[in-house]
Amino acid sequence: MQTPPAGDGAKPRSPEYRLAASALRGLRQDLFHDAFAYRPLPRMRVDGPLTRRLPGSLRGYAAWTPHAVISAAALITLLLAAVDTSVAALLAPLAVLPILLTMLRPTAAFWLSMAATPVSQVFGSYMDGYPWLPASFACHLTVLTVVAIRTKPRTAAYMWAVTAAYGFVADVILGPVYYYGDDTAPMLVLSALVLLVVAVWHTRREARQEVTAQQTVTAHERSKRTLLEERSTIARELHDVVAHHMSVVAIQAEAAPYRVENPPPELERAFATIRENAVAALTELRRVLGVVRAEDYEAPDAPQPTLADLDGLLANVRDTGLSVQKTVTGAVRELPQGVELSAYRIVQEALSNTLRHAPGATAQVEIGYVLGGLGLRIVNGAPPAGALLKPSPGAGHGITGMRERVSMLDGEMTAGATDEGGYEVAVYLPVPSTRSSEGDA
């Protein structure tokens, strides 16, 4: 037990006292604070496994299912109240209004049901039940269930405790005088079972929501990580490409003066300046882009692949069992190495996706050398029905990488399923003409 600070006259509270005080605060918060707050019952979602199968017209009506169920429960309670014809006009509103009120003000409906119970008992017959008449019994049990569904499990526990307290007081005070059959025990047992089921349902729903939220966050983080990894891969490849060209520029600038007999000093200084700028640019490039390299990354000894190496890629893919054809249109010409590399990687990733997701299907690779750019189209058919290999699930990271490469080159890309059940990837990579580039320079 903690000792109070010096000069503080407050006595330390026992754990039992703090527990009771916390329970009273929770009771006041759940059952008294904003007890008459307006909380209309929302319509049911219609995107479930059953409701989504309904036609559009019926789906709109299915959204009102909770309201219809509560109204049906109120109608059944009304029929129970109408059994005693002498006071049916009084008992019917007292048994029906609390149930209907749960659709607008759930906490107020509980208190109305509690208040209507002794009133109904006064005007009803003690021979029918005590301290709940049949209609009051059904009304209060329905109200407890609906309010528990619409609130928290803690609120349901407080409502059950208040109900138990009322039953205890009614039995102790009036039970010995009007004892024809005690309904307190059946009420408490049935309501406890119902509220327990509702509490389990609440727990499962909250757990499912937490899992769904966590999966969404995980998928988002995985997508971001994949995007960063793809950008790092692109940066490393571009670094290798640019570093190769800058090294060639520096070497040629250093060797150029020796290929000219008696070069003028101005030419030697110009080539020296070119070499110095090339070396400085290469050093800066390695310093900036070197941070994206993995620790175990090693620059490839062979040059980066281009579209000229595409036949080798297709041969390797055919060896795995994929039937793929290549079609080239337009005047074949040498493109910037960054465009060639990205086009090769896009075709490579698209064919890899075909192997994973459509085993046994055929694929078509179309390359179009058009004015101002390069067009790519990779399309595969639907996998055959009797294929031995099953499609492998994927997270769509390949499409993310392709889009990142196309976006880096200011290109355009579309990807989606075809009407025949296959998949198509269409890409356009702009390539500035040499004449315009020279004019801009």
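Here are a few notes on the aromatic pairs and on one loop leucine in this predicted model.

1. Ground rules first. Residue numbers start from 1 along each chain as its sequence is written, and side-chain values use heavy atoms, with hydrogens and water left out. As the model is predicted, local features need pLDDT of at least 70 and side-chain atom pairs count only at pLDDT 80 or more, while totals for chains, interfaces and linings use all residues.

2. The count comes to 3 aromatic pairs. Rings of Phe, Tyr and Trp (its six-membered ring) pair if their centres lie within 6.5 Å; planes under 30 degrees apart are stacked, over 60 edge-to-face, and the rest tilted. F32 and W111 have ring centres 5.2 Å apart and planes at 40°, so this pair is tilted. F32 sits in helix α1 (residues 15–32) and W111 in helix α5 (residues 106–123), so the pair ties together parts 79 residues apart in sequence. Helices here are DSSP runs (H or I, at least four residues), numbered from the N terminus. Ring pairs also link F32, F110 and W111 into a cluster.

3. W132 is buried, at 1%.

4. Now the loop leucine. L41 is in the loop between α1 and α2 (56–62) and is buried at 16% relative accessibility. Beyond its neighbours within four places in sequence, L41 contacts P66, H67, I70, M103 and R150 (contact means heavy atoms within 4.5 Å).

How values were computed. Helix = DSSP H or I, 4+ residues; strand = E, 2+ residues; numbered from the N terminus. Buried < 20%, exposed > 50% of the residue type's maximum accessible area, 1.4 Å probe, protein only.
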